[in-house]
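Thanks for coming, everyone. Have the sequence and the model open while I talk.

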Amino acid sequence: MIQISRRALLGAAAATLAAPALVTTAITEARAAAPFRNDLPPAWYRFKLGGYELTIISDGRLPLGKPEPAFPASPPEEIRNLLTGSFLDPASATLEQNALVLNTGRQLILFDTGMGESMGAASQMFGPTTGKLLANMKAAGIDPAQIDMVVLTHAHCDHCWALVDAQGRRNFPNAQVAVSETDLRFWTDDANKKGPDFMVPFIDGAKKNLSAYRDRMVMVQDGKEVTPGVTAFATPGHTMGHMVYFISDGNKTVVNTGDLAHHQVLLLKKPLWEFAFDTDPKLSAQSRFKMLTRLAADKHPVISYHFPWPGLGHVAKAGESFEWYAEPMNLTSL
C-alpha cells in the first residue's frame with residue numbers, strides 16, 4: 001500500500017487553495033484587447049467533378065438596392081413578403097457574382113468575368129463591391145495568362161467587362177472567347193442603344209471588351225459542344241443569346257446557369273416573374289421555367305452566377321414553383 005504522509009496531504013491542500021488565484025491571474029492577462037482586422041479572406045471555392053477540378057471565383061457582391069424596380073410587374077407587397085419570409089432584407093436586394101474556372105486537365109476555362117475595371121467609373125455602376133475576380137483568381141493560384149478560353153453565358157457588363165483592363169489590354173492574353181453569335185451581334189451594335197438608360201454603357205462596354213478578342217472568337221451553338229466536356233443550351237430572353245452550359249465528365253454533370261434566375265427566392269418561387277434587365281422579359285420567364293423544370297428532373301448540381309456564395313446547389317420542384325438547396329461547402333478534402 002502507498003503510504004501518504006500528513007505533510008504531503010497538507011502540501012496538496014495548500015496548492016489547491018492557491019490554484020484559483022493563479023487561474024484568475026492568467027484569465028485576466030488574456031483579456032488584453034485585440035485590434036479589429038477589418039479585412040476579408042479571398043473568395044474562392046474548389047471542388048471535383050469526376051476527373052475535373054472546378055474553382056468558383058467571386059467577383060464580389062452586386063447590390064440591386066430596392067427590389068421593386070427590378071421586378072416592375074410584380075406586386076410590391078408580395079416581393080416584401082417573400083423576402084422577409086426567407087429572412088432577407090426587403091429594402092435591399094443583393095446578388096453575388098460567382099464565376100467558374102474549369103480545369104479539365106487539357107484546358108483551363110473561365111466562365112464569365114465579372115465587372116472588371118475596363119469602363120472606369122461605369123464599372124462601378126453597382127458599387128465598389130464588384131470587380132474582385134482577378135485578385136481572387138490569383139489568390140486561388142490561377143494566373144489569368146493560363147486561361148485557354150473564356151466562355152460567356154451572355155455579354156452583359158457583369159459577365160464580360162473584365163475581358164480587358166482600363167487601357168483596353170487583354171486580361172487573358174492567351175484565351176479564346178466563346179459567346180453566342182446572337183449576343184455578339186446585338187451587344188456590339190450601336191443601333192441597339194435605344195431603350196433603357198443602361199443600354200448605352202452596356203453596349204459601349206461590350207464593344208470595348210469583345211473587340212479586343214475579335215481575332216480569336218468562338219461562336220457558341222445551341223446543343224453543341226463549345227469544347228470537349230462543355231455543351232451549350234440556349235435559354236433566350238435575359239439576352240437573346242443567353243446560354244447555360246452543361247459540364248460533364250463521364251456520368252458526372254454540373255450545370256452553369258449564368259443568369260437563368262437572378263434571385264434564389266424571388267425567381268424560383270415565382271419563376272414567371274419578369275426582371276427589369278431582361279431583353280425580352282416574357283421569353284426569359286418561359287426559358288427560365290423550362291430549364292428549371294429540366295434541372296429539377298435531372299437532379300444535376302447547379303452553379304448559379306447570382307445566388308448566395310458560392311452559388312452551388314440543387315433545384316427542386318415545388319408545385320408550380322421551385323426551391324433552392326445550397327450544397328454544403330467541403331473545406332477538408334477534394
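Start with strand β8, residues 176–180: four bridges join it to β9, and the two run parallel. V177 stands opposite M217 in β9. Before I go on, some ground rules. This is a predicted model, so to speak: local features need pLDDT of at least 70, side-chain atom pairs count only at pLDDT 80 or more, and totals for chains, interfaces and linings use all residues. Residues are numbered from 1 along each chain as its sequence is written, and side-chain values use heavy atoms, with hydrogens and water left out.

Two terms. Helices (H or I, at least four residues) and strands (E, at least two) are DSSP runs, numbered from the N terminus. Two strands pair if DSSP finds at least two bridges between them.

Now look along β9, residues 217–220. V218 and V220 point to one face and are buried. Buried means under 20% relative accessible area, exposed means over 50%, and partly exposed is in between, with a 1.4 Å probe and protein chains only. In a regular strand the side chains alternate between the two faces of the sheet.

Zoom out to the sheet. Seven strands form an open sheet in the order β1-β2-β5-β6-β7-β8-β9, with mixed pairing. Its edge strands are β1 (44–49) and β9, and each pairs on one side only. Neighbouring strands are turned by 25 degrees against each other on average, direction ignored. Inside this sheet, β2 (residues 52–58) and β5 (residues 98–103) run antiparallel, joined by six bridges. T55 stands opposite V101 in β5.

Next, the other sheet. Seven strands form an open sheet in the order β10-β11-β12-β13-β14-β15-β16, and the pairing is mixed. The edges are β10 (225–227) and β16 (321–326), each pairing on one side only. The twist averages 35 degrees from one strand to the next. Strand β13 (residues 252–258) pairs with β14 (residues 302–304) in the parallel sense, over three bridges. There, N256 stands opposite I303 in β14.

A helix packs on this sheet: α8, residues 281–298. It touches β11 (230–234), β12 (243–249), β13, β14, β15 (312–318) and β16. The direction of α8 makes about 100 degrees with that of β15. Contact means heavy atoms within 4.5 Å. Axes are lines fitted to C-alpha atoms, for helices over the stretch in contact, and angles run from 0 to 180 degrees between N-to-C directions.

Is S287 buried or exposed? At 11% relative accessibility, S287 counts as buried. S287 touches T235, P236 and L260, not counting residues up to four places away in sequence.

Most residues other than glycine have a negative phi, and most peptide bonds are trans. F87 is not a glycine, yet its phi is positive, about 60 degrees. F87 is found in the loop between α2 (76–85) and β4 (93–95). F87 is exposed, at 80% relative accessible area. K299 also has a positive phi, near 65 degrees. K299 lies in the loop between α8 and β14, and at 60% relative accessibility it counts as exposed. Then there is a cis peptide bond between W309 and P310, with omega about 0 degrees. P310 sits in the loop between β14 and β15.

W309 comes back in the largest pocket. Its lining is L40, P41, A43, S58, G60, R61, E96, T129, K132 and W309. The space there is about 220 Å³. The lining divides into four nonpolar, three polar and three charged residues. Ala, Val, Leu, Ile, Met, Phe, Trp, Tyr, Cys and Pro count as nonpolar, Asp, Glu, Lys and Arg as charged, and the others, Gly among them, as polar.

How are these spaces found? On a 1 Å grid over the protein atoms alone, a cavity is a set of points where a 1.4 Å probe fits but cannot get out. A pocket is an open set with protein on both sides within 12 Å along at least five of seven lines, and lining residues have an atom within 4 Å of a point.

Last, the largest cavity. Which residues lie nearest its centre? They are F126, D158, H262, F275 and F277, out of 14 lining residues.

Methods
Grid points are joined across faces, edges and corners, and a volume is the space filled by probe spheres set on the points.
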